[in-house]
Structures are given as structure tokens and as C-alpha cells.
Amino acid sequence: YLKEMARVPLLTTEQEVAMGKEVAAKMIHYFKPFNNDKALAYVRKVGRVVALQSDRKDVKYRFDLLDTDDVNAFAAPGGYIFLTRGLLENIQSEAQLAAVLAHEVGHVAGKHVVKQLETGQMVQAGLKRAESFTSGSQYLDHVAKEILARLIDRGLDHSSEYDADQRAANYVYAAGYRPDGMVRFLNGMQS
């Protein structure tokens, strides 16, 4: 019985999207958007192709660029995915871009941030009140700040990263991209 209870998600998709929207607003405020329409259109095009392969269809995936030299990508709950200008400048091919985006889509599909949050008392306390997930609520503001800190400073655990990698490999292959895009990207970063 306890194992069955552990598998029941505490957050609804609507609550997850509300959290993600708040995190996205804070992420854009923290880094500022990278205003390059051509680059953004390209990232969104490749992102949509990859997201169509996702095994999670209950969220709309949104892709945005952040104006920072940091080489990073982030996946917030509810399908909000961010790439930094620094990462984009290090991408050498569309297959590499697809792999990075697929990895972030994999985090959303696996609900990695959500699962880590669901174990925290803060989320448990707010789940009892629907108004907690109203835009501008103190609760949602606090949870969004916690998620932002987790994404920027601490990252996700090893098993979540591995799961996202596995999902990404499936997504890029199904989308018709070279499956070695992530390896080539990471090797290029090391040289």
C-alpha cells in the first residue's frame, strides 16, 4: 500500500504549470532574455520537433533563450525550457542542439524537479490550498525561488540526469537526429 501511495503524484499538471510559469518569470528576470529573433526561432523549431517525441503530452513545451555567457540549460516544471546564449554559442550542429533540448525535455517528461519538490514539506503544506498556486501568491513565489536556486546552484541528482539522458537519446533518434549529438557537444566543450 505504501509503495502505491508513493507513486501517486501530489501535484496536478495545472499546479506544476503554475509553478513553472512563476519560475520562468524569475529566470527571465534573473538572467534577462537574449533578444535574437533568428536564434530564438531556430531553438523553438528544433525544440518543437524534439518535444513531439516526448512521452509526456500533458504539457506544452516552451523554449526561451537567456542572455548570459554561462554555458547552461534549464528545465523548469510544466515544460519551460531555457538555453543560455553561452551554450548556444558552443553548439556546433543541429544534432547537438536537439540533444541538449531533448535532455531538458527529458527532465520535464520525467518530472524530475517536481518529484524532488514533492518530498519537501513546503510543497506538502501548500498542496492543501488551491489558492497557493494562484499567480502572485506568497507560496508560489517561495516555491519558485526554491526551484530557481535548485536549477541554478545545485542542479538535479545523478539518477535524474541519467534518466534525462536516456530519454534524450530516444527523443533525438525518433526525431531523426544523429544520436551522438550530446557526446559531440560535451567533447567539444572539453577541448
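Asp-69 is exposed, with a relative accessibility of 56%; here buried means under 20% relative accessible area, exposed over 50%, and partly exposed in between, using a 1.4 Å probe and protein chains only. Keep in mind that this is a predicted model, in which local features need pLDDT of at least 70 and side-chain atom pairs count only at pLDDT 80 or more, while totals for chains, interfaces and linings use all residues. Residues are numbered from 1 along each chain as its sequence is written, and side-chain values use heavy atoms, with hydrogens and water left out.

What does Asp-69 pair with in a salt bridge? Its partner is Arg-85, at 2.6 Å from N to O. A salt bridge here is a side-chain nitrogen of Lys or Arg within 4 Å of a carboxyl oxygen of Asp or Glu. Side chains of opposite charge can pair when their charged atoms come close.

Now look at Arg-85 itself. Arg-85 is buried, at 16% relative accessible area, and it also forms a salt bridge with Asp-67, where the closest N and O atoms are 2.6 Å apart. This second pair joins distant parts of the chain: Arg-85 sits in helix α4 and Asp-67 in the loop between β1 and β2, 18 residues apart. (Helices are DSSP runs of H or I with at least four residues, strands are runs of E with at least two, and both are numbered from the N terminus.) Asp-67 is partly exposed, at 34% relative accessibility. Together, Asp-67, Asp-69, Arg-85 and Glu-89 are linked in a network of salt bridges.

The whole structure holds 9 salt bridges. Another one to find joins Arg-167 and Asp-163, with the closest N and O atoms 2.7 Å apart. Both residues lie in helix α9, 4 residues apart, about one turn of the helix. Arg-167 is buried at 18%, whereas Asp-163 is partly exposed at 24%.

Next, let us turn to the nonpolar residues. A nonpolar core is a set of buried Ala, Val, Leu, Ile, Met, Phe, Trp, Tyr and Cys residues joined through side-chain atoms within 4.5 Å. In the largest one, which has 32 residues, Tyr-61 and Ile-81 touch the most other members. Helix α5 gives the largest share of this core, 10 residues. Apart from it lies another core of 17 residues, including Phe-31 and Phe-82.
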